[in-house]
Amino acid sequence: MDLNPPPEENYANPRTCLFHVLFKAASLAFYILSALFINNFVIIFVVTVLLAALDFWVVKNVSGRILVGLRWWNEINDLGESVWRYESLDQESLARMNKKDAWLFWWTLYLTAVLWVFLGIFSLIRFQADYCLIVGVCLTLSVANIIGFTKCRKDAKKQLQQFASQAIASRVSSTLQSAFTVV
Amino acid sequence: MSHSDTIPLHSSSQSDIDEIENLINASVQSGPATVQPARPPSPPRIPVSSSPFLQSNLPPPTTAAAKLPPLPSSSAPPSVLPATVPGPAPPPANSAGSNNFAASGFGPAPNTLTEPVWDTVKRDLSRIVSNLKLVVFPNPFREDPGKALRDWDLWGPFFFIVFLGLVLSWSASVKKSEVFAVAFALLAAGAVILTLNVLLLGGHIIFFQSLSLLGYCLFPLDVGALICMLQDNVILKIVVVCVTLAWSSWAAYPFMSSAVNPRRKALALYPVFLMYVSVGFLIIAID
């Protein structure tokens, strides 16, 4: 993953990118600024965690689909076992995805988690257990999304390789078949 | 074999899925050489990497892709912001969109990658409501209580826990923020520990399903706490809390008991009851 955004193209889905970043930034900003202005822990907690939960939902259901074409969820099958499902667009659509969108998606995902870790360290240093609670919840949500999408991307690559090798194998066999029928 | 065999689908989505399957079968039979790569420019195809009914090694069923509605992502992303009650942001309704959803799991049907956002929101909201009705309200048609909350979600529990914390905090005259933090931490940690308890007793439950259930079973206590906040009579509070406590425990009982060995039922149920009793005490004792 490179450090600079790909320069040529513009964002293909600017509104989705905006929402992707909006809730993350709002939750972080509210948490940081509220310590200066608002004295009421309950309000800080509820608003921050609500914004973080909304961000989790938006990333998982909307921007993941639209910006990088990935989706993950958990199902419980009939045997009562829990199954993690990963879904991705096919290869050509994935290749057509805007690089800038994808860059923004992944970088903001990692960046928010890192920022929450820093904020957590600050509140630990100050021995504020209740603020650690807020940070803990928000961090859990961020990390869950990171893990889910990373696994989904790996699964997509694996499926791609399988598909490619199967396609090659089937082409080879059909070529051989047609060669033999001609002969 | 396929999702559609075991999960009851919405009737229009079942017919859509049938149509797609027919098209795929038709294109497979006609052989790879005859499939034209003439695809509509914008919509990505649907086939899913882990779906049972659209195999990933099929040649691109372009006729199927042409029949599916155009990708809404060019016009879709939400332009209205969230805010009201049950969490997910309600963006403006997008008319173009296949309405396929299977009522399973977090369980979208395979082609939800391109569904409009409004569909996702509606699906999640309806899941919350149906989970609530299934778990908490007396339901004579409930076949197997152990299967309750097959499609678990954590939005309901989140809102119930936060609501309970808020009500307790409002009722408290001093130390409001500590009350809220304690209530939230107690309930969240309690749910996790209760789940671990069942797992350690050798029971068979899914972690998130159990968290979800214990969260939904807080709904009666939420109602009780709200009533207690509005009324100051101690006797009334005790009565209300006892009733809602019994209701919560009754709601949690079938699921928990079916998850463990019958000889260990009490060991699994007692901590649940204890947790709800402690929440009840919190409600009564706050003034």
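Biologist: What share of the 287 residues of chain B counts as buried?
Modeller: In this predicted model, 52% of the 287 residues of chain B count as buried.

Biologist: And how many helices and strands does chain B have?
Modeller: Chain B has 10 helices and 0 strands. Read from the N terminus, its elements run α-α-α-α-α-α-α-α-α-α.

Biologist: What about contacts in chain B between residues at least 6 apart in sequence: what percentage join residues at least 24 apart?
Modeller: That figure is 70%.

Biologist: Which residues of chain B does UniProt list as "transmembrane region"?
Modeller: The UniProt entry, which is unreviewed, lists residues 154–172, 179–200, 206–227, 234–255 and 267–286 of chain B.

Biologist: How much helix is there in residues 154–172 of chain B?
Modeller: That span is 89% helix and 0% strand, with its end C-alpha atoms 27 Å apart. For residues 267–286 of chain B, the values are 95% helix and 0% strand, and the end C-alpha atoms lie 30 Å apart.

Biologist: Let's move to helix packing. At what angle do helix 7 and helix 9 of chain B cross?
Modeller: Their axes cross at roughly 160° and come within 10 Å. An angle over 145 degrees counts as roughly antiparallel, so helix 7 of chain B and helix 9 of chain B are roughly antiparallel to each other. Their crossing is left-handed.

Biologist: Which residues meet there?
Modeller: From helix 7 of chain B you have Q209(B), S210(B), L213(B) and L214(B), and they meet A252(B), F255(B) and M256(B) in helix 9 of chain B.

Biologist: Is S210(B) buried or exposed?
Modeller: S210(B) is buried, because its relative accessible area is 0% and buried means under 20%. Setting aside neighbours within four places in sequence, S210(B) is in contact with T195(B), I205(B), F255(B) and M256(B).

Biologist: How do helix 5 and helix 7 of chain B cross?
Modeller: The axes of helix 5 and helix 7 of chain B come within 8 Å and cross at roughly 40°. Helix 5 of chain B and helix 7 of chain B are therefore oblique to each other. Helix 5 of chain B passes helix 7 of chain B in a left-handed crossing. G156(B), P157(B) and F160(B) of helix 5 of chain B make the contact with L211(B), S212(B), G215(B) and Y216(B) of helix 7 of chain B.

Biologist: Now helix 8 of chain B. Why does its span agree with what 12 residues should give?
Modeller: Helix 8 of chain B covers residues 219–230, and at 1.5 Å a residue it should span 16 Å. Its end C-alpha atoms are 17 Å apart, so the two agree.

Biologist: Which residues in helix 8 of chain B are buried?
Modeller: Those are F219(B), P220(B), L221(B), D222(B), G224(B), A225(B) and C228(B). What covers them includes helix 4 (117–136), helix 5 (155–171), helix 7 (207–216), helix 9 (234–259) and helix 10 (265–285) of chain B.

Biologist: You mentioned helix 4 of chain B. What do its buried residues pack against?
Modeller: They pack against helix 5, helix 7, helix 8 and helix 9 of chain B, together with helix 2 (41–68) and strand 1 (70–76) of chain A. Among those buried residues are D119(B), R123(B), D124(B), R127(B) and N131(B). Helix 4 of chain B has 20 residues and reaches 29 Å from first C-alpha to last, close to the 28 Å expected at 1.5 Å a residue.

Biologist: Chain A, then. How do helix 2 and helix 4 of chain A cross?
Modeller: Helix 4 of chain A is residues 99–125, and its axis comes within 11 Å of that of helix 2 of chain A, crossing at roughly 155°. That makes helix 2 of chain A roughly antiparallel to helix 4 of chain A. This crossing is left-handed.

Biologist: Which residues meet between them?
Modeller: Helix 2 of chain A brings T48(A), V59(A), S63(A), G64(A), L67(A) and V68(A). They meet D101(A), A102(A), F105(A), W106(A), L109(A) and W116(A) in helix 4 of chain A.

Biologist: Last one: what does T48(A) touch?
Modeller: Not counting residues up to four places away in sequence, T48(A) touches S27(A), F30(A), Y31(A), W116(A), I134(A) and C138(A). T48(A) is buried, with a relative accessible area of 0%.

Key:
Residues are numbered from 1 along each chain as its sequence is written. Chains are lettered from A and ligands numbered from 1 in the order in which they are written. This is a predicted model: local features need pLDDT of at least 70, side-chain atom pairs count only at pLDDT 80 or more; totals for chains, interfaces and linings use all residues. Side-chain values use heavy atoms; hydrogens and water are left out. UniProt positions are given in the numbering used here, feature names are shortened, and annotations may be inferred rather than shown by experiment. Helices (H or I, at least four residues) and strands (E, at least two) are DSSP runs, numbered from the N terminus. The expected span of a helix is 1.5 Å times one less than its number of residues. Buried means under 20% relative accessible area, exposed over 50%, partly exposed in between (1.4 Å probe, protein chains only). Contact means heavy atoms within 4.5 Å. Axes are lines fitted to C-alpha atoms, for helices over the stretch in contact, and angles run from 0 to 180 degrees between N-to-C directions. Angles under 35 degrees count as roughly parallel, over 145 as roughly antiparallel, 65 to 115 as roughly perpendicular and the rest as oblique. A crossing is left-handed if the near helix is turned anticlockwise from the far one by less than a right angle, and right-handed if clockwise.
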